[in-house]
Amino acid sequence: MSHWYQPREQWPRHPKVWWRETIDLARSAGWHLQKVEGHTWGRIVCDPHADKPCKVLIFSSGVGGESAALTARKTVRRCDHVPASDAGQLLFRAAELLDRAEAMLAAASRCLKAADKRVQAEELLLSAATAADEAEKLTQALIREADGDRLVVEAFAVLPQGTELGCPPTPAELDVLIADASAHVDEAEQLVDGLSAADPGDALRSRIGQVRAHVADLTERLRRGLDAKGSPPA
């Protein structure tokens with residue numbers, strides 16, 4: 001038993017995040033989805049009415065799923081059966097990728113601020129032991145520690161669905177989060193670069209530059225934090 005979904009319809013949600021990104025790309029490029037039951041989750045088809053359409057099988061699970069999803073994205077981009085993805089579709093997908101990248105960076109930024117607050121709290125707690133105003137400093141340390149906890153909670157609130165962090169996040173997890181955000185920016189830039197000069201992509205190009213600057217800033221802040229502690233990511 002199967003059911004066909006048009007590009008403009010809401011498609012079923014795949015359990016694996018890498019397949020969800022591939023499926024979103026296919027839908028924005030005007031492809032169709034045939035949802036089936038069983039181990040094969042479904043298949044995406046560029047044009048069901050074409051003589052030899054481009055199509056990709058999508059499985060529910062299995063070894064190598066992430067690699068297969070990446071290969072499927074290349075198939076979608078290279079397809080010439082559907083009229084070349086119009087500017088609106090490419091801009092829509094690029095904007096989606098930038099939204100996700102910015103959400104990841106917002107979460108990483110809050111986590112880095114939380115780490116700074118914790119360092120400040122530790123320094124105050126150590127100095128308070130020998131200071132005359134110990135009580136005041138302890139109070140300030142507790143306030144900073146509470147600020148750090150609040151920022152971690154805010155980081156989890158803005159984290160995109162399907163992205164995970166420990167509590168509190170480790171430097172290695174933040175490094176992966178920032179790297180994933182950078183990869184989304186790269187994919188968005190590739191989509192926008194495929195547009196002609198006449199297409200309305202200037203706003204997204206400017207936004208791409210801003211998000212790249214945010215990536216660089218958070219990467220540097222994470223490096224400085226690790227240098228200060230004198231230890232590599234776990």
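**View 1. The largest nonpolar core of this predicted model has 48 residues.** A nonpolar core here is a set of buried Ala, Val, Leu, Ile, Met, Phe, Trp, Tyr and Cys residues joined through side-chain atoms within 4.5 Å; buried means under 20% relative accessible area, with a 1.4 Å probe and protein chains only. Trp 31, Ile 44, Val 76, Leu 98, Leu 105, Leu 177 and Ile 178 have the most contacts inside the core. Two or more residues come from each of α1, β3 (40–45), β4 (55–59), α2, α3 (87–128), α5 (171–193) and α6 (202–229), and α3 gives the most, ten residues. Helices (H or I, at least four residues) and strands (E, at least two) are DSSP runs numbered from the N terminus.

**View 2. Here's Leu 98 with its contacts.** Skipping neighbours within four places in sequence, Leu 98 touches Val 185, Ala 188, Leu 204, Arg 207, Ile 208 and Val 211. Contact means heavy atoms within 4.5 Å.

**View 3. Helices α1 (residues 17–28) and α2 (residues 65–78) have axes that come within 9 Å.** The axes cross at roughly 10°, which makes α1 roughly parallel to α2; angles under 35 degrees count as roughly parallel. Axes are lines fitted to C-alpha atoms, for helices over the stretch in contact, and angles run from 0 to 180 degrees between N-to-C directions. On the α1 side, Trp 18, Trp 19, Glu 21, Thr 22, Leu 25 and Ala 26 meet Gly 65, Glu 66, Ala 68, Ala 69, Ala 72, Arg 73, Val 76 and Arg 77 of α2. By class, that contact has eight nonpolar, two polar and four charged residues.

**View 4. His 14 sits in the loop between β1 (2–5) and α1.** Buried or exposed? His 14 is buried, at a relative accessible area of 1%. A polar atom of the His 14 side chain lies 3.0 Å from the backbone nitrogen of Lys 16. Again leaving out neighbours within four places in sequence, His 14 is in contact with Trp 19, Arg 20, Ile 23, Trp 41, Ile 58, Phe 59 and Ser 60.

**View 5. Zooming back out, the protein has six helices and four strands.** From the N terminus on, the elements run β-α-β-β-β-α-α-α-α-α. Buried residues make up 40% of the 234 residues.

**Notes.** Residues are numbered from 1 along each chain as its sequence is written, and side-chain values use heavy atoms, with hydrogens and water left out. In this predicted model, local features need pLDDT of at least 70 and side-chain atom pairs count only at pLDDT 80 or more, while totals for chains, interfaces and linings use all residues.

Technical notes
Parallel < 35°, antiparallel > 145°, perpendicular 65-115°, else oblique. Nonpolar A, V, L, I, M, F, W, Y, C, P; charged D, E, K, R; others polar. Buried < 20%, exposed > 50% of the residue type's maximum accessible area, 1.4 Å probe, protein only. Polar contact = N/O pair within 3.5 Å; in protein donor to acceptor, adjacent residues only side chain to side chain.
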